[in-house]
Amino acid sequence: MAVAHQSRVDRLKLLQKCIPRSQAGDDYPDARQLLTKLAEQYESSKTDSARMRSIQRDLDELVNDGFIEVVNPGGKPLRYRRMIDLGVTDPRLWAYAQKLMRSLIRDAVPAKRLDKIWEALREEGEEFGLGEDKLCILSDTQRLLPAEFKEEVLLAALEALAQSLTLSATYRDGGGSLTHPTLHPQALLQRGPRLYLFALKNDEAEPLRMYALHRFTSAKVGTAPVRKAEGFSLKEAVRKGQADFAGNGEVDLELRVRGYVTELLRDCKLAENQVIEDEPDGSPFKARVRAKVPETGQLLRWLLGCGDNVEVLAPAKWREVVISQIEKMRAIYPPRDGS
């Protein structure tokens, strides 16, 4: 009897943990959704209706004990939210929470990496009442949805990397041709919205190739030990890839700005070395900005996205690039009068 009691206690704890404290919008789980997540915990009941009655009894008990609450009383179906655990009021837990937050802020703020704070708080902050109902991060850049890939492909790639084993793959290249290589995985790289696998192919000692994960139609972990690519370093590959993508490294940028961009760059610098000065009276712009910044495609997209609130003065090459892009856009969007 004691075993059965302990089993139910464990089940109630697991059920409580599966119910979020905060959720985007009103998307809180109902009994049927929770039953789907915890099917193994209720498999002793022989029928679906019996399993539903069992989980409903558990939910009612958690509500009565104050561990969860109904967010839509009288609604159909009822949806549930987890309450703050009584243990969270323990000063030791709050001391841990404060230590966590201080550590995050101390590490992230000097490096200007606020995304690290939000990333960590999304993982641990909900335990201290900092869920999606209290924290929101809006990106000021358009993020593409990740390229779709098969879950089993990523799982196989990770297993092969972790165990240093080969990967038997079926791969469709950019031209649509299907091949069946035996790959020797070296590392995974996420670049923007796409995942790539660095790997040697078949018996080749080189070149080291990059395989886009969304082009795998299947992948299976092999039994042979992986062959290492001579001299390969993921950090070096990333650095070289960034340099290739960027062009010449850094650029001494000089801009004239106005409108919302003026205050934006006063609040959020292009770089630590940025200098911003007011433009003289009569100028069509509000300020002049100088900064040494990485020469990237993202910089070009940002400049173009600012529209007529930014004028590139230097370097001349970048001014010409912006002018060229504007002329190409003008060819797509002719003047309204048709001239």
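β9 (250-257) and β12 (310-314) pair in the antiparallel sense over four bridges; two strands count as paired if DSSP finds at least two bridges between them. Helices (H or I, at least four residues) and strands (E, at least two) are DSSP runs, numbered from the N terminus. The model is a predicted one, in which local features need pLDDT of at least 70 and side-chain atom pairs count only at pLDDT 80 or more, while totals for chains, interfaces and linings use all residues. Residues are numbered from 1 along each chain as its sequence is written, and side-chain values use heavy atoms, with hydrogens and water left out.

Within this pair of strands, V257 stands opposite V310 in β12. Both strands belong to an open sheet of four strands, ordered β10-β11-β9-β12 with antiparallel pairing. β10 (275-278) and β12 are the edge strands, each pairing on one side only. From one strand to the next, the twist averages 25 degrees. α10 lies across β9 and β12 and runs at about 145 degrees to β12. Such angles run from 0 to 180 degrees between N-to-C directions, and the axes are lines fitted to C-alpha atoms, for helices over the stretch in contact. The loop between β12 and α10 holds P315, and the peptide bond from A314 to P315 is cis, with omega near 0 degrees.

The largest nonpolar core has 19 residues, and L255, V257 and L303 have the most contacts inside it. A nonpolar core is a set of buried Ala, Val, Leu, Ile, Met, Phe, Trp, Tyr and Cys residues joined through side-chain atoms within 4.5 Å. Buried means under 20% relative accessible area, exposed over 50%, and partly exposed in between (1.4 Å probe, protein chains only). At least two residues of this core come from each of β9, α8 (260-267), β11 (287-294), α9 (297-305), β12 and α10 (316-332). Leaving aside neighbours within four places in sequence, L303 is in contact with L255, V310, V312, W318 and V322, where contact means heavy atoms within 4.5 Å. A second, separate core has 17 residues, including A169, Y196, Y211 and L213.

Some backbone details lie in other loops. In the loop between α6 (151-163) and β3 (165-172), S164 has a positive phi near 55 degrees without being a glycine. N202, in the loop between β6 (194-201) and β7 (209-212), is also not a glycine and has a positive phi of about 50 degrees. S164 is partly exposed, with a relative accessible area of 30%, and N202 is partly exposed at 32%.
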